[in-house]
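This report describes one protein chain for a reader who is new to structures. Please keep the sequence and the model in view while reading.

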Amino acid sequence: MTSPHTGRLTSLSRLPEQGPGVPFVRWRAAVGDLVHAARANTDRLGCFVVTGSDADEVEERADALARQIRIQVEPLPAAGGPGQVRPARTAAIAP
């Protein structure tokens with residue numbers, strides 16, 4: 001999952017949960033983090049893996065889960081303005 005543009009992550013909701021058909025979920029970003037439009041793999045907010053009985057089922061499940069996710073990013077304030085942000089950190093990756 002990626003940010004629509006650079007700014008401060010203000011809302012991240014409806015994320016997939018690990019369980020049957022979704023064996024892996026990892027999110028790097030938290031509300032308040034500075035995020036960037038994806039230019040490199042490290043700019044991703046998170047990822048998830050889906051499984052299924054065939055490629056069509058996997059694609060449908062992944063698409064449905066991705067459509068549920070809601071990401072809101074507030075543009076950065078002008079230089080020198082209020083609104084301190086903190087960057088997403090690799091150490092913040094959930095196990």
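This is a predicted model: local features need pLDDT of at least 70, side-chain atom pairs count only at pLDDT 80 or more; totals for chains, interfaces and linings use all residues.

Residues are numbered from 1 along each chain as its sequence is written, and side-chain values use heavy atoms, with hydrogens and water left out.

**The whole chain**

The chain has one helix and six strands. Helices (H or I, at least four residues) and strands (E, at least two) are DSSP runs, numbered from the N terminus. Read from the N terminus on, the order of the elements is β-β-β-β-α-β-β.

Of the 95 residues in the chain, 24% are buried. Buried means under 20% relative accessible area, exposed means over 50%, and partly exposed lies in between (1.4 Å probe, protein chains only). The accessible surface of the chain comes to about 6000 Å², and carbon and sulfur atoms hold 54% of it. These areas come from the Shrake-Rupley method with a 1.4 Å probe; for residues, only the protein chains shown count as cover.

A contact means heavy atoms within 4.5 Å. Among contacts in the chain with a separation of 6 or more, 70% are between residues 24 or more positions apart.

**Strand pairing**

Two strands pair if DSSP finds at least two bridges between them. E1 pairs with E3 in the antiparallel sense over two bridges, and Gly7 has Val35 in E3 as its bridge partner. E1 and E5 also run antiparallel, joined by five bridges. Ser13 stands opposite Arg70 in E5.

**The helix**

Helix H1 covers residues 55–68, which is 14 residues. From first C-alpha to last, H1 reaches 20 Å, close to the 20 Å expected at 1.5 Å a residue; the expected span is 1.5 Å times one less than the number of residues. Asp54 caps the N-terminal end of H1, with a side-chain oxygen 3.1 Å from the backbone nitrogen of Asp56.

**Salt bridges**

Side chains of opposite charge can pair when their charged atoms come close. A salt bridge is a side-chain nitrogen of Lys or Arg within 4 Å of a carboxyl oxygen of Asp or Glu. The structure holds three of them.

| Salt bridge | N to O distance |
|---|---|
| Arg8 and Glu74 | 2.5 Å |
| Asp43 and Arg39 | 3.8 Å |
| Glu57 and Arg61 | 3.0 Å |

Arg8 and Glu74 meet in a salt bridge. This pair links distant parts of the chain, with Arg8 in strand E1 (residues 7–13) and Glu74 in strand E5 (residues 70–74), 66 residues apart. Arg8 is partly exposed at 25% relative accessibility, and Glu74 is partly exposed at 35%.

Glu57 and Arg61 are four residues apart in helix H1, so about one helical turn separates them. Glu57 is partly exposed at 27%, as is Arg61 at 26%.

**Asp43**

Where does Asp43 lie? Asp43 is in the loop between strand E3 (33–35) and strand E4 (46–49). With a relative accessible area of 14%, Asp43 is buried, whereas Arg39, its salt-bridge partner, is exposed at 64% relative accessibility. The side chain of Asp43 also reaches the backbone nitrogen of Arg39 at 3.0 Å. Leaving aside neighbours within four places in sequence, Asp43 is in contact with Arg28, His36, Ala37 and Ala38.

Note on methods:
A polar contact is a pair of N or O atoms within 3.5 Å; within protein, one must be able to donate a hydrogen and the other to accept it, and residues adjacent in sequence count only if both atoms are side-chain atoms.
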